[in-house]
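Please keep the sequence and the coordinates in view while reading.

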Amino acid sequence: MKGRALLGKKWSAGRLRRYREGVARRKAAGLYEGRLDPRTEVLTIKCSNPECGKDFPFTFSPRISRTKKRFCTHACQLRANHDLRTRVPEADELREMYKTMTCAEIGKILNMTGGAIRYALIRYGIPRRKAGGRTKAEKCKATSGQ
Ligand SMILES: [Zn+2]
């Protein structure tokens, strides 16, 4: 995950010089009032979590992207990202899939491990089948995707 845009960033000598010249220019023009760059704006933006959508103030320094996703709180960001990362289908959908497929096969389709599917089944309370329902040859054929 990317942190703050300027954190740990090394500027080239030229870029640093240009930046300092710009600061000096703005200072000479009397634009600096405090420590903050005068181009800094505090804008009210909407939380990028569609379930939240709360308005909150955000400080935009000159170099910060205005188009990036912004969340009202860290917890809100985590919640939104968690939903994006979750690939396990809903309980009913998973139950239907499990009728015809094994955990490993479902996992292959969803690009997850069979263990993750197994865990989801337990979490949803879907009864597991007994092992050994199929012969080894059938299983081989099913999992190799042919
Ligand atoms: Zn939010």
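Strand S1 (residues 41–46) is hardly covered, for the count of buried residues among its six residues is zero. Here a residue is called buried if 20 or more other C-beta atoms lie within 10 Å of its own, exposed if 12 or fewer do, and partly exposed in between, with the C-beta atoms placed from the backbone. Strands (E, at least two residues) and helices (H or I, at least four) are DSSP runs, numbered from the N terminus. The model is a predicted one, in which local features need pLDDT of at least 70 and side-chain atom pairs count only at pLDDT 80 or more, while totals for chains, interfaces and linings use all residues. Residues are numbered from 1 along each chain as its sequence is written.

S1 pairs with strand S2 (residues 55–60) in the antiparallel sense, over six bridges; two strands are taken to pair if DSSP finds at least two bridges between them. Within this pairing, Glu41 stands opposite Phe60 in S2, and Val42 stands opposite Thr59 in S2. In a regular strand the side chains alternate between the two faces of the sheet.

Along the sequence the pattern reads α-β-β-α-α-α-α-α. Buried residues make up 8% of the 146 residues in the protein. Of the contacts with a separation of 6 or more, 37% join residues 24 or more positions apart; a contact requires the C-beta atoms of two residues, placed from the backbone, to lie within 7 Å.

Confidence is expressed as pLDDT, the predictor's own value for each residue, from 0 to 100. The mean over the protein is 82, and 84% of its residues reach 70 or more. Confidence is highest in S2, at a mean of 91, and lowest in helix H6 (residues 136–144), at 68.

Helix H2 (residues 74–85) has twelve residues, and its end C-alpha atoms are 16 Å apart, in agreement with the 16 Å that it should span at 1.5 Å a residue. The expected span is 1.5 Å times one less than the number of residues in the helix. The number of buried residues in H2 is zero, so the helix lies largely in the open. Pro89 is found in the loop between H2 and helix H3 (91–100), and it counts as partly exposed because it has 17 C-beta neighbours inside 10 Å. Although Pro89 and Ile117 are 28 residues apart along the chain, their C-alpha atoms are separated by 9.5 Å.

Which residues make up the largest nonpolar core? Its six residues are Tyr98, Cys103, Ile106, Ile117, Ala120 and Leu121. H4 and H5 each supply at least two residues of this core, and H5 gives the most, with three. By definition, a nonpolar core is a set of buried Ala, Val, Leu, Ile, Met, Phe, Trp, Tyr and Cys residues joined through C-beta atoms within 7 Å.

Ile106 lies in helix H4 and counts as buried because it has 22 C-beta neighbours inside 10 Å. Not counting residues up to four places away in sequence, Ile106 touches Met97, Tyr98, Met101 and Ile117. Ile106 and Ile117 are eleven residues apart in sequence, and their C-alpha atoms are 7.3 Å apart in space. Tyr98, leaving aside its neighbours within four places in sequence, is in contact with Ile106, Leu121 and Ile126.

Between helix H4 (103–110) and helix H5 (114–124) runs a loop that contains Asn111. This residue counts as exposed because it has 7 C-beta neighbours inside 10 Å. Asn111 has a positive phi of about 60° although it is not a glycine. Most residues other than glycine have a negative phi.

The buried residues in H5 are Ile117, Ala120 and Leu121. Seen down the axis of H5, its buried residues fall within an arc of 105°, so they line one face of the helix; the arc is that of the directions from the helix axis to the C-beta atoms. These buried residues pack against H3 and H4. On the other side of H5, Gly115, Ile122 and Arg123 are exposed. H5 is followed by Gly125, whose phi is positive, near 75°.
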